[in-house]
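Subject: Handing over a structure

Hello,

Here is the structure I promised to pass on to you. Please have a look at it first, and then read my notes below.

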Amino acid sequence: MSTHPSAARRIFHNVSFLTLGRIATAICSFAYIAFAVRALGLASFGLLILIHSLGIMASTFSRMQSWQTLIRYGNDPYARRDLVLLRQIIGFCIRLDLISAVVAVCIGVISVTFYAHVAHWSHWVTFLAYGYALICPFMYTGWSNGVLRLTERFHLVPVSDTCTAIFRTAGTAVGYGLHLDLGFFVLVWAGAVLMDYGLFLYFALSTLRRKIGLRLRWRDVLGQWRWQLPGMWAFTRSTSINQTLGAVSGHISTLVVGSLLGSAEAAVFRICRQIADGIVTPAQMLSPVLYPELVKMRDRQDWSGLKRLTWKIFGILCAVSIALLLVAAFFGGRIFSLMLHIHLHGTTYYISIMLVSAVLTLLVVPLEPLLTVMGQIGFLMANRTWITLAYFPVLYGLTRHFSLAGACYATALSSFVMFVTRLWRAVASSLRPPADPLKPASPAITHTEETVPESATGHAGGETQSRVVVEA
């Protein structure tokens, strides 16, 4: 018998926790963006956004989706309290994050060198960008985020979000009050990143120790570099490519707009996108909560319940999307003016287009985990790759001809193609028996004389890290 009603209740219960954190973050974002714009001016604030975009782009490019690997392979050992195997899986995921951290610094330094030359930045701005690139490794809370999702400690996520938002707001208020320059605001943004990373690390370690009595040791992390379960690396590679391309396109688009139109226009484009994403944020909180539930249903082979739950959430999101579009049509420009204390012509139009893009992305949220557990990871990766590769030439061409409106058109068109192709594949996959191409031929894995069945997983959506933090 399907258990999807209780799963739905758990999903919406956990979503309520995450939404509280996003509300606190949204309230703080109105304050710290206003402080930063009024202290720096729109052009310098645009430089702050571009510096942050370079850093988050480097982090996103390097991310291997360790949290998905942890949930896929750690769900069954966690349920059985197999601490030995669970410790090895967590160690594998931490090593993935260490590799990501090294690659992030390299990409960050290279991207700053290239973009500073293209954008003709001064030596001082370039120096700040290099310094910000050094904190790229701390922008991703992969394995620790996975631990909180695996153990259903969702209420700790809004705690971290709120503390980080308050820190950023307090820092920008000090900068505004003392009339400090761009360097101080870059330092505040960097401090917020480090605080967020430290809180997630502390919550993950304390959760493992208190809830299941698991203590990580250095040899669990730095040793056994060759250890992995069958299919683990193939799964990590496929999900990482899919998610990296999806998450990084938003940051690269900001950089493209900045290089073509200037830092002020990049700021407007980024803020319009943030407002659109912020409007759909409560519904996007389904993303990190839905995947672990689908993992459990996949482990129980509850395919009918899994499909019903997915399409039920899809229907709810369709209804929510209509209301969100009406909100943007009537209040988009006012929200922009309140955040930046600047009135610009056409902002309501820009925000409405970006909201259409955000809504289409939102409707993909329940489709991607369904495709993942139905064995369509290869399609997700190929689909994301081709759409992303086509997006940037279209973005460049439309931005040159139609300015900011063209950038918004390109973003909405990309989201529309993504939604249509994945909806078609999800409907087709639901009509066929499930298959998992990553599942090893022999499900038995020898581990201290135990048989460990392979778990299923979900998929993350775009930090935007499905943690949708308002970024500037």
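Let me start with the cysteines: counting as a disulfide any pair of cysteine sulfur atoms within 2.5 Å, the count comes to zero. As a reminder, a disulfide is a covalent bond that joins the sulfur atoms of two cysteines. Cys163, at 33% relative accessibility, is partly exposed.

A word on the origin of all this: the model is predicted, so local features need a pLDDT of at least 70 and side-chain atom pairs count only at pLDDT 80 or more, while totals for chains, interfaces and linings use all residues. Residues are numbered from 1 along each chain as its sequence is written, and side-chain values use heavy atoms, with hydrogens and water left out.

Now the overall picture. The protein chain has 472 residues, and 60% of them are buried. The secondary structure comprises 17 helices and two strands, taken as DSSP runs (helices H or I, at least four residues; strands E, at least two) and numbered from the N terminus.

Helix H6 covers residues 142-150, and nine of its nine residues are buried. Among them are Trp143, Asn145 and Arg149. After H6 comes Glu152, with a positive phi near 60°.

Next, look at helix H7 (residues 156-177) and helix H8 (residues 182-211), which pack at about 160° with their axes 9 Å apart. The axes are lines fitted to C-alpha atoms, for helices over the stretch in contact, and angles run from 0 to 180 degrees between N-to-C directions. H7 is therefore roughly antiparallel to H8, given that angles under 35 degrees count as roughly parallel, over 145 as roughly antiparallel, 65 to 115 as roughly perpendicular and the rest as oblique.

Finally, His179 sits in the loop between H7 and H8 and is exposed, at 70% relative accessible area. Its C-alpha lies 8.4 Å from that of Leu40, although the two residues are 139 apart in sequence.

Best wishes

Note on methods. Buried < 20%, exposed > 50% of the residue type's maximum accessible area, 1.4 Å probe, protein only.
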